[in-house]
Amino acid sequence: MIKKFHLILLLLLINVPLLSRDIDLDAVYIEKSSGLYREIIAVKEKLYTRISSLYIDSNVIFAQWCNGDEIVYIKEFSQLNIVYKYKRNSREKVEIVRFYGNVTYADLNRTGNIVYAKVLSLDDNGAAKSESVVININTKEITKKSSKYLFIDYTMHPSEDSVLNESKNGITKTSLISFESKLIIPSNKYNDIASGNDPVLAYISPDEKKTVIVTGNGGVYKTKILTDQGNQTLNGVTSCSDLRWIDNNRFVYMSGGAGDYSAKVYDVAAKKSKELISGTLNPDINYSDKPGIITALENQIIIVIPRDLNTRVETGIEGEESYFSPDGRKFTSIYLGKLYVSSLNMIEKYRLDIRRSAGELIKLYGKAANMKSIWISDYSREYINKKIKQYDKFLKMNP
């Protein structure tokens with residue numbers, strides 16, 4: 001039954017972005033049983049040790065800061081999920097709750113005490129079913145509700161501990177504390193772009209004066225921006241989940257297509273976009289609100305961009321799910337299921353070690369480019385060459 005479920009899940013996920021699990025792209029394009037694959041992975045994992053990153057746990061699929069010292073994360077064992085709270089200063093790990101199913105998406109509320117997750121499982125007839133799961137970190141209570149859609153169908157409210165979902169009458173705000181609901185955006189505001197078959201997601205600006213409505217599937221999404229000054233449309237949005245407001249007028253979003261994605265910032269006032277990253281395999285866009293820091297991936301290398309967009313840090317390390325602590329000093333990342341906490345100061349201090357690692361990877365990927373026997377698909381050559389160019393670019397940009 002478990003194998004059958006995983007097959008169903010794999011088929012469903014081909015065109016569906018997942019926030020809550022990292023992707024081993026090396027294993028997608030290079031034979032995992034090969035010695036060269038193991039060498040590549042070893043170099044990347046060793047780099048975390050070289051830059052004095054703090055290793056927290058393995059099999060992690062989701063992690064966010066709940067305050068300046070504590071991190072809430074989900075550890076996965078087959079279909080069993082365990083929610084932990086990690087206290088960084090004391091290095092204490094506390095189990096909160098356990099629940100079953102495959103987590104496809106998860107979030108932490110603004111006050112850091114509730115995890116909201118979408119979970120897939122199989123019903124008694126072997127069909128995939130979806131549930132929304134609310135986990136109260138303080139009380140250790142779990143509340144489950146059947147969901148119409150298998151994947152992401154919600155967003156978090158920017159200023160209240162509430163979740164936003166579409167109901168038959170429009171976008172509804174539901175408290176994660178009292179579970180009381182209230183209609184806040186009537187459906188007639190966005191009916192012109194809604195299909196009826198796809199979920200409608202509403203991203204509300206921090207001042208609650210603007211809303212981005214996104215709906216669609218499979219990398220094709222219609223987007224409408226609701227404002228007091230009139231509505232706008234935005235073409236080219238290719239993910240319903242990689243969208244984050246960074247202030248009251250701008251939001252970062254994902255554009256482009258497979259193997260050539262971009263991270264862009266749209267300015268509602270200026271009605272134009274600015275490209276931050278292009279030609280990447282998986283942008284994995286995240287935003288840490290309190291320090292005002294955007295994180296994204298340029299072919300799996302973590303890129304750090306402050307909200308003012310004036311600078312950027314090419315970390316040289318690979319990972320996903322990167323979020324900064326409230327003081328902006330440290331950030332989480334997940335690499336092959338391993339959760340780490342790293343520091344920008346240590347990245348600067350050990351820049352030479354990072355450069356050496358990049359050089360090693362260029363050589364290893366160079367070997368992989370000439371070993372067709374370990375390629376998994378016709379795209380393997382292109383993937384390997386993209387990785388070589390990415391690390392070569394890193395060395396040229398970071399003397």
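Rings of Phe, Tyr and Trp (its six-membered ring) pair if their centres lie within 6.5 Å; planes under 30 degrees apart count as stacked, over 60 as edge-to-face and the rest as tilted. The structure holds 11 such aromatic pairs. One of them joins Tyr48 and Tyr340, which are stacked, 3.9 Å centre to centre with 10° between the planes. This pair links distant parts of the chain, 292 residues apart. Tyr48 belongs to helix H3 (residues 35-50) and Tyr340 to strand E28 (residues 338-343); helices (H or I, at least four residues) and strands (E, at least two) are DSSP runs, numbered from the N terminus.

The model is predicted: local features need pLDDT of at least 70 and side-chain atom pairs count only at pLDDT 80 or more, while totals for chains, interfaces and linings use all residues. Residues are numbered from 1 along each chain as its sequence is written, and side-chain values use heavy atoms, with hydrogens and water left out.

Buried means under 20% relative accessible area, exposed over 50%, partly exposed in between (1.4 Å probe, protein chains only). Tyr48 is buried at 1%. Tyr340 is buried too, at 6%. Phe324 and Phe331 form a tilted pair, with ring centres 5.1 Å apart and planes at 40°. Both are buried. Trp245, Phe251, Tyr253 and Tyr266 make up one aromatic cluster.

No disulfide (a pair of cysteine sulfur atoms within 2.5 Å) was found in a search of the whole structure. Cys66 is buried, with a relative accessible area of 12%. Cys240 is buried at 8%.
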